[in-house]
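Hi,

Here is the structure I promised to pass along.

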Amino acid sequence: MEHTTDAGLERGLRRWDLVALVINSVIGAGIFGLPSRVYALAGTYSLLAYVVSAVAIVLIIMCFAEVGSRFTATGGPYLYARVALGPLIAFQVGWLMWLARIAGFAAVCNLGIGYLAYFVPASGADLWRALVIIGAVSSVAIANIIGVRVTAAVTNALTVGKLIPLLLLVLIGLFFVDPQRYSFATPPSYGSFSQAALLLVFTYVGFEGAVIPAGEMRDPGRHLPFALLTGIGVVALLYVLIQTVCIGTLPQLASSDRPLSDASLRFLGAPGASLIAAGALVSIGGAMNALMFATPRLLFAMAENRQLPHWFLTTHPRFHTPIVAILLTALVTLVLTVFSTFISALTISAVIRLIAYATTCAALPILRRNSGVPPPTFLAPAGPIVALTAVTLSLWLLANSTWGEARLVAIASVIGFVLYVPCALRRDVRQQVKPAAPTAGL
């Protein structure tokens, strides 16, 4: 059995760096754009949709916390699937997760342009939009090449920067809530509620960005479960409070393009709306930084397991970061962001991530029976039941995706299989010529 060794990477991420990374990865574009969309689908029941999505994600995160506490190497869901489910499924998970996170970046960046237009209306024009995207992608790529401690410092600063305006929105907005704005008399249809819950999954995803770079963490077995559970608890509470304020203060919520800014405009005036718009830009910048940090590490892990060309293992001689993987990820991200929209990129990202999440949940009972892997430092209560429930909820959410989304995922999977075959054949040939030396670092 092969496992990544993360040669050349630096273990610079500490406990609270990981908590900040979880919060920064999860709170991105979705919460600034989706409150209006889910309200249009589910009305006041959108509050319940947030809770349903949060419960599903918490169950998934408990599985991630246990499975991730066994490993100290880079790869996250890809590595878990490789050990528990074999190289083919692992390759598909790594490939699809890489695409999903790039699509997530595209969604975040496109919504960011909408908020930037609040201050600079011309930024929405085609030429300026392309220039803004090039600048955004280049900036986060450079920041991630410079080094893991620089990335952690930027992440910590952006996490604080994004939480301050959101907390102000909640703490002040709760005093202006109109109770008559809440109506539970007419529940939404099953289809509308399910679609709202699926969209809201996107507001909670991204936490896997904190488990992928385990090879750059200090004591991941101890710190990772704490960071995952603490981070998602903070996020879930904040989300429900934000939706509560938006429903109670903004009569035109269902049609708002910038719901948080429009809500704050009603009780904080123009300065408050500007503050929220600025907070959205900070939040979106933080999410892009977190996405660009973790996503290239998937390519690095797949290359270490000889499922991608070895040049993805190239690290910067000074900064010890996977420079080739970062540059390729940035290039593909740039192209996809230019040619996509917020909703289109968001939905396909959420669907693909649910598939990868389900494989990690399925890995939990398998790894519990595998004596060849280290014991976990965190045990999920009623682990097999939690895993089964999490997989079931993931499948339920996936069942509410459209045929077009399912078709895109199927095409991506076929492409992944086509990429996997030559890599697998080349790897087998190399093993016949010279057996691979054992590697360390579960």
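To get you oriented: where does Ala382 lie? Ala382 sits in the loop between H12 and helix H13 (383-399). Helices here are DSSP runs of H or I with at least four residues, strands are runs of E with at least two, and both are numbered from the N terminus.

Before the rest, two notes on the source. This is a predicted model, where local features need pLDDT of at least 70 and side-chain atom pairs count only at pLDDT 80 or more, while totals for chains, interfaces and linings use all residues. Residues are numbered from 1 along each chain as its sequence is written, and side-chain values use heavy atoms, with hydrogens and water left out.

Back to Ala382: its phi is near 50°, a positive value in a residue other than glycine. Ala382 has a relative accessible area of 47%, so it counts as partly exposed. (The cut-offs: buried is under 20% relative accessible area, exposed is over 50%, partly exposed is in between, with a 1.4 Å probe and protein chains only.) Arg306 also has a positive phi, about 60°, although it is not a glycine. You'll find Arg306 in the loop between helix H10 (259-304) and helix H11 (323-338), and it is partly exposed at 30% relative accessibility.

Now the whole chain. It has 14 helices and zero strands. Of its 442 residues, 57% are buried. The chain exposes about 16,700 Å², and carbon and sulfur atoms supply 71% of that (Shrake-Rupley areas with a 1.4 Å probe; for residues, only the protein chains shown count as cover). Taking contacts with a separation of 6 or more, 86% are between residues 24 or more positions apart, where contact means heavy atoms within 4.5 Å.

On to the rings. There are 12 aromatic pairs in the structure. Rings of Phe, Tyr and Trp (its six-membered ring) pair if their centres lie within 6.5 Å; planes under 30 degrees apart are stacked, over 60 edge-to-face, and the rest tilted. One of the pairs is Tyr204 with Tyr239, tilted, at 5.2 Å centre to centre and 55° between the planes. Tyr204 is in helix H8 (residues 190-204) and Tyr239 in helix H9 (residues 220-249), so this pair ties together parts 35 residues apart in sequence. Tyr204 is buried at 0% relative accessibility, and Tyr239 is buried at 0% too.

Another tilted pair is Phe207 with Tyr357, with 4.8 Å between centres and 35° between planes. Phe207 belongs to the loop between H8 and H9 and Tyr357 to helix H12 (residues 342-368), 150 residues apart. Both Phe207 and Tyr357 are buried. Ring pairs also link Phe64, Phe71, Tyr80, Phe207 and Tyr357 into a cluster.

H9 itself is mostly covered, with 21 of its 30 residues buried. Its end C-alpha atoms are 42 Å apart, which agrees with the 44 Å its 30 residues should span at 1.5 Å a residue (expected span is 1.5 Å times one less than the number of residues).

Lastly, Gly416, which is in helix H14 (residues 403-433) and is buried at 0% relative accessible area. Leaving aside neighbours within four places in sequence, Gly416 is in contact with Phe91, Gln92 and Trp95. Gly416 and Val93 are 323 residues apart in sequence, yet 9.3 Å apart in space, C-alpha to C-alpha.

Cheers
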